[in-house]
Structure formats: C-alpha cells, structure tokens
Amino acid sequence: MPAVLGSYSPPVLCPYCNADNDKVIDSRTSDGGKVTRRRRECLACTRRFTTYERVEQTAKLMVIKRDGRRVPFDRENIVRGVSSASGKRKIPEDIKQKIADEIEEELHKQFDREVESQVIGEKLMGRLRDIDEVAWIRFASEYYKFKSVDELKKQLELLDGKVRDVKDQQRLFS
Ligand SMILES: [Zn+2]
C-alpha cells in the first residue's frame, strides 16, 4: 500500500488475469481535475493497464426565481432565511442546519432539475411555523410583502390550512 493515504486507490481486477492485486505506478488528473488516470501494474502477471476515475456529474437542481431567472440551488439561502426570520430570537445553529438538510432532501426527492423558489419558501415557512411562530410570521410577511394587515391575516390563515394539510398527509402515509 502506498505510504500517502490520500493517494491510495483500491486494487481493481486485472483485465489479463483477473487478479485483484495491483499497484498504481502513475496517477495524473486531466480535464480540470475531473478525471484521474491511473497507470497500474498487476502484481500477479506484471502486465500494465490504465483506469480512469471520473467525478459523477449529478444533476444540479436549479431554482427558478420569481423574475424567471434560474440560479443553482444553494442550501445556505435556507439557513440565511431562517436566520433573518428569527431576528434576535436566536434559533440554534443545529436547528437551522437540520431544516436546511430536510428541505434539501425533500427537494431532491420531489424535483429532478428545477424547482420554483416559491416552493422552497413555502417549505421553509412550514418548518418555521413548527418551531417559532413569530419567526414564521416575520418570514411570511417579508415573503408576501403584504400591503395591509387584512392581506397578512388572510395569507396566514391560508398557510395555516396548508401546513395542516401537509401534516394530515404525512400522518396518512406514515
Ligand atoms: Zn494480471
């Protein structure tokens, strides 16, 4: 095994004799670091072969903003959203991270490539509703930019209903 841990690459099957016992004799990256090419020597039959290791290009989730622009999904925006909604009422860092993790996971399950920013906002609102009502109202009023108290009330009632719906559904499926 090579002395440098970071450069260790597990043996692969030799294409000539099928032994899985080889040493890497040369390793270099190309394509801007996306491909690693390893020259290997089989310790059983001493023949040489090459393997290529590629970074998997997983589909990046894009967020469609209200103005139609598309930006890559960034979970930090969720963390920041929770922070600004909570204001001086500190929501612990691990809770923020947990909310971001859960929303990110849901988004990747429900959407392939694109999601409207509105969907993320509503998911975040649902979470805030559970942990801190004041933060929830602050976030909702900023989010919907209400022009009147009536408008705010109406929206809050609507959201409250939605949150309950989601919870009922979760109960049904759990
Ligand atoms: Zn071999």
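Four residues of helix α2 are buried: Lys96, Ile99, Ala100 and Ile103. Seen down the axis of α2, these buried residues fall within an arc of 95°, so they line one face of the helix. The model is a predicted one.

**Helix α2**

- Helix α2 covers residues 93–110, which makes 18 residues.
- From first C-alpha to last, α2 reaches 26 Å, close to the 26 Å expected at 1.5 Å a residue.
- Asp94, Glu105 and Lys109 are exposed, and they sit on the face of α2 turned away from its buried side.
- The cover over the buried residues of α2 includes α1 (75–86) and α3 (117–131).

- Val79 belongs to helix α1.
- Its C-beta has 17 other C-beta atoms within 10 Å. A residue counts as buried at 20 or more and as exposed at 12 or fewer, so Val79 is partly exposed.
- Leaving aside residues up to four places away in sequence, Val79 touches Lys96, Gln97 and Ala100.
- Two of these contacts, Lys96 and Ala100, are among the buried residues of α2.
- Val79 and Ile95 stand 16 residues apart in sequence, and their C-alpha atoms are 9.4 Å apart in space.

**Where α1 meets α4**

- Helix α4 spans residues 133–144, and its axis comes within 8 Å of the axis of α1.
- The two axes cross at roughly 110°. Angles of 65 to 115 degrees count as roughly perpendicular, and α1 and α4 are therefore roughly perpendicular to each other.
- On the α1 side, the contact is made by Gly81, Ala85 and Ser86.
- On the α4 side, Ala135, Arg138 and Phe139 make the contact.

**The sheet as a whole**

- Strands of a sheet pair through backbone hydrogen bonds, either parallel or antiparallel.

**β1 with β2**

- Strands β1 and β2 run antiparallel and are joined by 8 bridges.
- Arg28 stands opposite Arg37 in β2.
- The hairpin of β1 and β2 has 4 residues between the strands.
- In that hairpin, Asp31 takes a positive phi near 55°.

**β2 with β3**

- Strand β2 takes in residues 35–42 and pairs with β3 in the antiparallel sense over 7 bridges.
- Facing pairs include Val35, opposite Arg54 in β3, and Arg38, opposite Thr51 in β3.
- The hairpin of β2 and β3 has 5 residues between the strands, and in it Thr46 takes a positive phi near 65°.
- Strand β3 has 7 residues, 48–54, and the number buried is 0, so β3 lies largely in the open.

Note on methods:
Residues are numbered from 1 along each chain as its sequence is written. This is a predicted model: local features need pLDDT of at least 70, side-chain atom pairs count only at pLDDT 80 or more; totals for chains, interfaces and linings use all residues. Helices (H or I, at least four residues) and strands (E, at least two) are DSSP runs, numbered from the N terminus. The expected span of a helix is 1.5 Å times one less than its number of residues. The arc is that of the directions from the helix axis to the C-beta atoms. Two residues are in contact if their C-beta atoms, placed from the backbone, lie within 7 Å. Two strands pair if DSSP finds at least two bridges between them. Axes are lines fitted to C-alpha atoms, for helices over the stretch in contact, and angles run from 0 to 180 degrees between N-to-C directions. Angles under 35 degrees count as roughly parallel, over 145 as roughly antiparallel, 65 to 115 as roughly perpendicular and the rest as oblique.
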